[in-house]
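I opened the notebook for this chain and listed what to look up. The entries follow in the order I worked.

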Amino acid sequence: MTPSTTLSPTVAPPALDEICINTLRFLAVDMVQKAKSGHPGLPLGSAAMAYTLWDRFLKFNPRDPSWPDRDRFVLSAGHGCALLYALLHVTGFDLPLEELERFRQWGSRTPGHPEYGKTPGVEATTGPLGQGLADAVGMAVAEAALAARFNRPGHHIVDHYTYVLASDGDLEEGISSEAGSEAGHLRLGKLIVLYANNHITIEGSTELAFTEDRMARFAAFGWHVQRVEQSNDVDAVALALKAAREERGRPSLILVRTHIGFGSPHKQDTAAAHGEPLGVEEVRLTKEGLGWPVTPLFHIPDEALEHFRKAVTRGSAAQADWESRLKAFAKDNAELAAEFQRVINRQLPQRWDANLPTFTSGDGPMATRIASGKTIAVLNSRLPEMTGGSADLAPSTFTNMDGAGNFEPENWAGRNMHFGIREHAMGAILNGMALHRGVIPFGGTFLIFSDYMRPPMRLAAMNGLPVIYVFTHDSIAMGEDGPTHQPVEQLVGLRSIPGMVVIRPADANETVIAWQIAIGRKDGPVALILTRQGLPVLDLARYPGIYEGVALGGYILADSSSGAKPDVILIATGSEVHLALEARDRLGSEGVQARVVSVPSTNLFSLQSEQYRDKVLPPGIPLLAIEAGASLGWNSYVGPQIAVIGVDTYGASAPGPVVMDHYGFTVENVCKQAHKLLGSLKKKS
Ligand SMILES: Cc1ncc(C[n+]2csc(CCOP(=O)(O)OP(=O)(O)O)c2C)c(N)n1
């Protein structure tokens, strides 16, 4: 382990640098003041180091923010986004000054926290502290994976850094330890974190709650750590960045002592500089103190703009250089170059799903997690960009890709990730991989532990990121591990995330189709919800609707036997579909005509036309929903004439079939509830 380096302060920045830094500071201050909301403190304190990075090191092209080999910059402390918007404007991104003037206003491209896809140059949505730092680990993973896959001697077409600006809050959040530990283990040497150590969070001094030695902590994770005592010392920051870039064997943390609200006579180094405007008078004093004109607001001196805008020429030249290198690479490696373009553009190869398995009833009973594993095995051979794994549960989630090797420091070409027992970081790392592009990220764990990774899942959905989750052990039927491991409210919880597609297939073939949908979805995440226990394989000759049906989210699996209008519709998902089928037969013999509707995805079903939904669930026919999960959602989903067999308490420790029995997931109970529903409706009419 290299001992920590201390780089000492003092030198005042040269005049032009100072003008540029103050430009950033006061653009941010004016934005916040005009919006009467936002965070001026971090921009004032961190402008100098951000400037140093952007001016001297960051490889980017404002005219083409999505150029694949650009460096990534993630502002993990998203509350300080006024600084990022100022940087984007002055360096020439498509973010006019009017957008800075409309900071945090309706319809502006300068929202209250950076939102991926809304502002050119914003690489990740940040704001929930810690997420950005962990996203960046995922970006560095993707960079390393693509470099290993595509670079050839003499041809380095993937070669960029991932930089993060993080705050105390980012490092306090547990996810920074999970992600930091993983990054150190993986020796992601091109990941560089600038840590704005200003000793202040919202409640006051970090002494209140955050006193460990952070450098020692990251050193223990296997990071290269440095300290810069004075963030306004651009040369010291530059020196540290240079050393960090040269350290290729370890990720780097540069702890930079910053001062929140730098320059504000009454608010510097206090929590008051954090989440509210400085106030008109304090803005005046701060500007005067730093030798800045009080008016005009949003002042950008010509020499500063001229200097910042050199980024356009610099960036265009860097991109042109890369493009010519890419051409040379393509000349020697035509197929590989085409493959690179394909994965970066998220295109799927021809016939990628040609050989997917088809299962017959003779293959059953088969757990859908096992069917998923068999599907992954085929997809893996067709889609070398699939990169993922599990949070230490691969033998249970069946997420391992045979023959794909482990993604590890000696073998970044390996595609099986070992996230360790770090679900939260896994979620964010998957996001970073998706944001970077070039890989299809997936991650698996037990459904119950999706709770540990919900924050990044929410961001994946918000940002339309193609991430695939493999959640197994999907109900109380998982059995003996008991209530701590038996998911109940997770299904409805995940379905409620706008933009998330949750698919809970009923058998092996529905699972294959679910995977097809997941791989095909390019504008949002998909959560596959899979059983631990074996399930019958539905006979395709008898149930031919499966293939189109799953894609529609819900479909008629088995209609009333007479073909007449059903008396009741049994609507079920996953493992409970089989129960519904058995109950349908029993009800038939009891004179009740039942239709079985399989709803692998309520999210996809709700997207279908009203006409289709009414065909599957004709209004006026009573519904009995059967799902081994919280009943919440089904009531509102299917209207008033409904009964639900669900789980509205915690599960229990016993063999799965016993638990299911006790909770009413039996043919007898389904029939009983159907009769009860019909009886009560008759009474009412
Ligand atoms: C997960 C999460 N919890 C809480 C918050 C609310 N919050 C915003 S900024 C902040 C603390 C800011 O302290 P620090 O990270 O040191 O930033 P600085 O004071 O340097 O601006 C908190 C608690 C958040 N954004 N994300």
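In which sense do β20 and β21 pair, and over how many bridges? I looked at this pair to begin with, keeping in mind that the model is predicted. Strand β20 (residues 623-626) pairs with β21 in the parallel sense, over four bridges. I picked out I626, whose bridge partner in β21 is I645.

**Entry: the sheet around β20 and β21**

I then traced the strand order of the open sheet, which has five strands: β17-β19-β18-β20-β21, with mixed pairing. From one strand to the next, the twist averages 30°. I also checked what lies across these strands. Helix α25 (residues 667-684) lies across β18 (568-572), β20 and β21, and it runs at about 150° to β20.

**Entry: strand β3**

I asked how many residues of β3 are buried. For β3 (residues 162-167) I noted six of the six residues as buried, so the strand is largely enclosed by the rest of the structure. T162, V164 and A166 point one way, Y163, L165 and S167 point the other way, and the residues of both groups are buried.

I followed the pairing of β3 next. Strand β2 (residues 72-75) pairs with β3 in the parallel sense over four bridges, and R72 stands opposite T162 there. With strand β4 (residues 191-197), β3 again pairs in the parallel sense, over six bridges. In that pairing S167 stands opposite A196.

**Entry: helix α2 and its contacts**

The axes of α2 (residues 41-56) and α9 (residues 234-246) come within 9 Å and cross at roughly 55°. The crossing is right-handed. On the α2 side I listed A48, M49, Y51, T52, L53 and R56, which meet V234, D235, V237, A238 and L241 of α9. By class, this contact has eight nonpolar residues, one polar and two charged.

For α2 and α3 (residues 81-91), the axes come within 10 Å and cross at roughly 40°. This angle also makes α2 oblique to α3, and α2 passes α3 in a right-handed crossing. From α2 the contact uses L42, P43, S46, A47, A50 and W54, and from α3 it uses A82, L83, L84, L87, L88 and T91. I sorted the residues of this contact into 10 nonpolar, two polar and no charged.

**Entry: two buried residues**

Which residues does G444 touch beyond its sequence neighbours? G444 is in strand β12 (residues 440-446). At 0% relative accessibility, G444 counts as buried. Leaving aside residues within four places in sequence, I found G444 in contact with G389, S390, A391, T397, T399, M426 and V470. I noted the spacing to S390 separately: the two C-alpha atoms are separated by 4.4 Å, although the residues are 54 apart along the chain.

T206 is in the loop between β6 (204-205) and α8 (214-220). Its relative accessible area is 4%, so T206 is buried. Not counting residues up to four places away in sequence, T206 touches D168, H199, I200, T201 and T211.

**Entry: backbone exceptions**

Most residues other than glycine have a negative phi, and most peptide bonds are trans, so I went through the exceptions.

I recorded a cis peptide bond between T295 and P296, with omega about -5°. P296 is in the loop between α10 (280-289) and α11 (302-332). The bond from G364 to P365 is also cis, with omega near -5°, and P365 is in the loop between α12 (334-344) and β9 (366-367).

For positive phi I noted D269, near 65°. D269 is in the loop between β8 (252-257) and α10. F298 is not a glycine either, and its phi is positive at about 55°. F298 is in the loop between α10 and α11, and it is buried, with a relative accessible area of 7%.

Definitions and conventions. Residues numbered from 1 in each chain as written. Predicted model: local features only at pLDDT ≥ 70, side-chain atom pairs only at ≥ 80, totals over all residues. Heavy atoms only, no water. Axes fitted to C-alpha atoms, helices over the stretch in contact; angles between N-to-C directions. Left-handed = near helix turned anticlockwise from the far one by under 90°. Contact = heavy atoms within 4.5 Å. Nonpolar A, V, L, I, M, F, W, Y, C, P; charged D, E, K, R; others polar. Buried < 20%, exposed > 50% of the residue type's maximum accessible area, 1.4 Å probe, protein only. Pairing = 2+ DSSP bridges. Parallel < 35°, antiparallel > 145°, perpendicular 65-115°, else oblique.
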